[in-house]
Amino acid sequence: MKFEFNSSHLLGDVHLHLEATSDSSEQNETLTDNEVTISVPVLYEAGLLFSRTIKDDHFKIAANETIPEVINSIEEIGDAADITYTIHNDGVFPIALLRMTIMFPYISPENNTLLYLTGITFSSNNTVSCHDSQFMDPLKILDKNPHEPSPVEENLINSIGICENNAGCADFSCAIYPSSLVEFNMLLRIWKPSFIKVSEVDLLITKLAQTKI
């Protein structure tokens with residue numbers, strides 16, 4: 001059995017009415033079980049393509065690098081780790097609203113800063129609305145507020161970078177309104193003083209993004 005649907009008129013259920021008939025005679029008391037109506041819920045494929053690209057997939061810190069006494073600008077924090085997220089509606093059905101939550105490693109088990117969020121930009125301000133995040137430039141370095149870093153030594157092997165249980169991770173959420181293509185960038189900086197101080201490190205610069213429809 002095959003059904004065809006009108007993409008401009010989506011239904012939540014399909015109702016089937018089945019009736020059995022026969023040329024032979026049948027007693028009246030058994031006629032009621034010759035037909036039945038079945039209701040089947042319908043799920044539609046969203047047709048969304050979600051992709052992510054990272055400016056650089058690895059970063060190097062020289063053995064002779066020193067920790068700056070004062071950080072006066074975001075350029076002095078460390079290398080940029082910018083990430084671009086793209087959502088493309090490749091289907092025929094309209095998407096009313098998407099809610100997307102992005103998480104990234106923020107602090108280590110010893111409270112060393114790892115990734116520092118400096119901004120979020122969109123392809124169009126009319127398609128994306130993000131909630132204010134307490135993790136957006138929390139030290140106000142973009143406002144020319146000087147900061148004296150004081151990292152502590154630690155071993156970061158296999159301890160950070162996945163955000164499975166939210167430990168040490170920051171997050172923010174965005175509402176994405178109907179559009180055929182949405183692109184937005186998350187601007188991050190590697191907090192270099194922390195990585196200069198660590199004895200060993202194996203940090204995956206992989207951000208987890210979860211979409212909710």
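Asp-137 counts as buried, at 5% relative accessibility; buried here means under 20% relative accessible area, exposed is over 50%, and partly exposed is in between (1.4 Å probe, protein chains only). Its backbone stands out too: Asp-137 is not a glycine, yet has a positive phi of about 45°. You'll find Asp-137 in the loop between S7 and strand S8 (155-156).

Asn-111 also has a positive phi, near 65°, and is a residue other than glycine. It sits in the loop between S5 and S6, and with a relative accessible area of 58% Asn-111 is exposed.

## Ground rules

This is a predicted model, where local features need pLDDT of at least 70 and side-chain atom pairs count only at pLDDT 80 or more, while totals for chains, interfaces and linings use all residues. Residues are numbered from 1 along each chain as its sequence is written, and side-chain values use heavy atoms, with hydrogens and water left out.

## The chain overall

The chain has 1 helix and 12 strands, with helices (H or I, at least four residues) and strands (E, at least two) taken as DSSP runs and numbered from the N terminus. Along the sequence the pattern reads β-β-β-β-β-β-β-β-β-β-α-β-β.

Of the 213 residues, 32% count as buried. The chain exposes about 13,700 Å², and carbon and sulfur atoms supply 48% of that; the areas come from the Shrake-Rupley method with a 1.4 Å probe, and for residues only the protein chains shown count as cover. Taking contacts (heavy atoms within 4.5 Å) with a separation of 6 or more, residues 24 or more positions apart account for 83% of them.

## Strands and pairing

Strands S3-S4-S10-S6, in that order, form an open sheet of 4 strands with antiparallel pairing; two strands pair if DSSP finds at least two bridges between them. S3 and strand S6 (115-122) are the edge strands, each pairing on one side only. Neighbouring strands of this sheet are turned by 15° against each other on average, direction ignored; axes are lines fitted to C-alpha atoms, for helices over the stretch in contact, and angles run from 0 to 180 degrees between N-to-C directions.

S6 pairs with strand S10 (residues 181-190) in the antiparallel sense over 7 bridges, and Phe-122 stands opposite Phe-184 in S10. Another antiparallel pair is S5 with S9, over 8 bridges. There, Pro-105 has Cys-169 in S9 as its bridge partner. Strand S5 (residues 98-105) is mostly covered, with 6 of its 8 residues buried.

## The disulfide

The count comes to 1 disulfide, meaning a pair of cysteine sulfur atoms within 2.5 Å. Cys-130 and Cys-174 form it, with their sulfur atoms 1.9 Å apart. The pair links distant parts of the chain, with Cys-130 in strand S7 (residues 128-130) and Cys-174 in strand S9 (residues 169-176), 44 residues apart.

The torsion about the S-S bond is about 95°, so this disulfide is right-handed. As for cover, Cys-130 is partly exposed at 21% relative accessible area, whereas Cys-174 is buried at 3% relative accessibility.

## The salt bridge

Searching the whole structure turns up 1 salt bridge, defined as a side-chain nitrogen of Lys or Arg within 4 Å of a carboxyl oxygen of Asp or Glu. Lys-192 forms it with Glu-65, and the closest N and O atoms are 3.6 Å apart. Lys-192 lies in helix H1 (residues 192-197) and Glu-65 in the loop between strand S3 (48-54) and strand S4 (83-89), so the pair ties together parts that are 127 residues apart in sequence. Glu-65 counts as partly exposed, at 26% relative accessibility.
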